[in-house]
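Morning, everyone. Let me put the model on the screen, and then I'll walk through a few spots.

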Amino acid sequence: MALHHSPSMHVWTHHRWRFPLPPRHKFPLPKYALLAERVVADGLARPDEVHEPSPAEWADLAAVHDAGLLARIREGRLTVREQRGLGLPWSPELVERGRRAVAGTIAAAHHALDHGVAMNLGGGTHHAGRDFARGYCLFNDIAIALGRLRRAGLAGRAIVVDCDVHQGDGTAQIFAADEQTFTLSLHGARNYPFTRVPSDLDVDIASGTGDEDYLRALEQALDTALPWARADVAFYLAGADPWHGDRLGRLSLSKAGLRARDALVLDRLGALGTPVCVVLGGGYAEDVRDTVDINAATAAEVARRVPFAAAPFPV
Ligand SMILES: [Zn+2]
């Protein structure tokens, strides 16, 4: 094994599995390939550290999601209402890509347990609940990954730190009765989803809020949530959509502020020795390169925290 001093980490991606989208659709399909290229170009991961997982097993999805919903997704029988709520046109490619995104979070979560921190260059599909798939979210990758860890006896208590600008309604619904999982969501007060499912701790952020006030609110939320959660594992949803230029965001964070947010979350979890699996969530900048900048900065903060000379990834 060659020793190298540059920070380097394993990441997971599913960007080569694309799906048909109508022209000018807001879903940032190009983001994923650009980000995978960017983490290599920035020296955050070597090409052989960028992994393409096989699709997650339907049985793993079924441990979280309603059987009827999964059957409708699998067979392309979503109702008109479900189709509209999802906001992405159904196709077999969409389903396969969704399963691969979930698999990336499963793999990254396992890796985080062994190495302290890991990242999926996708996932964070927090609007998917037990029996609904909406807001561009087909499956709840975090809930599915956590289920896998628990069935393997690898984790008990967990925390979800959801900093996507939209409230994590699907995650909140799935874990509503789960005493072992603490759900924290910081989000724009006046933004999607307009009908909420309460998290364990919801922090409404006023439209137009900038770095300083946001970071103070996040710090206070973590002060409350972390001792309560006493988590064995954490999932951090590093949404790029609180950025001031985001088309669906309504907050006013700068890129530096978002990076400070990432550092704060990772440092607080790191201080407790809690392994953290980082996932992307949303990002809808007019120019997709701005979203990629924000996601790449998150990846850089993750890479900085990968322990030097960690054991090689078991193939
Ligand atoms: Zn979002």
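**Helix, core and a loop glycine**

Start with helix α1, residues 29-41: Leu 29, Lys 31, Tyr 32, Ala 33, Leu 35, Ala 36 and Val 39 are buried there. Buried is under 20% relative accessible area, exposed is over 50%, and partly exposed is in between, with a 1.4 Å probe and protein chains only. Helices are DSSP runs of H or I, at least four residues; strands are E, at least two; both are numbered from the N terminus.

This is a predicted model: local features need pLDDT of at least 70, side-chain atom pairs count only at pLDDT 80 or more, and totals for chains, interfaces and linings use all residues. Residues are numbered from 1 along each chain as its sequence is written, and side-chain values use heavy atoms, with hydrogens and water left out.

What covers those α1 residues? The cover includes β1 (11-12), α5 and α10 (288-304). Just after α1, Gly 43 has a positive phi of about 75°.

Now the core. A nonpolar core is a set of buried Ala, Val, Leu, Ile, Met, Phe, Trp, Tyr and Cys residues joined through side-chain atoms within 4.5 Å. The largest one has 98 residues. Among those with the most contacts inside it are Phe 139, Tyr 236 and Val 278. Helix α8, residues 211-229, gives the most to this core: nine residues.

Contact means heavy atoms within 4.5 Å. Beyond four places in sequence, Tyr 236 touches residues including Val 161, Cys 163, Arg 261 and Val 278.

Last, Gly 116. It sits in the loop between α5 (92-115) and β3 (117-120). Gly 116 counts as partly exposed because its relative accessibility is 32%. Its C-alpha lies 4.4 Å from that of Pro 275, 159 residues apart along the chain.
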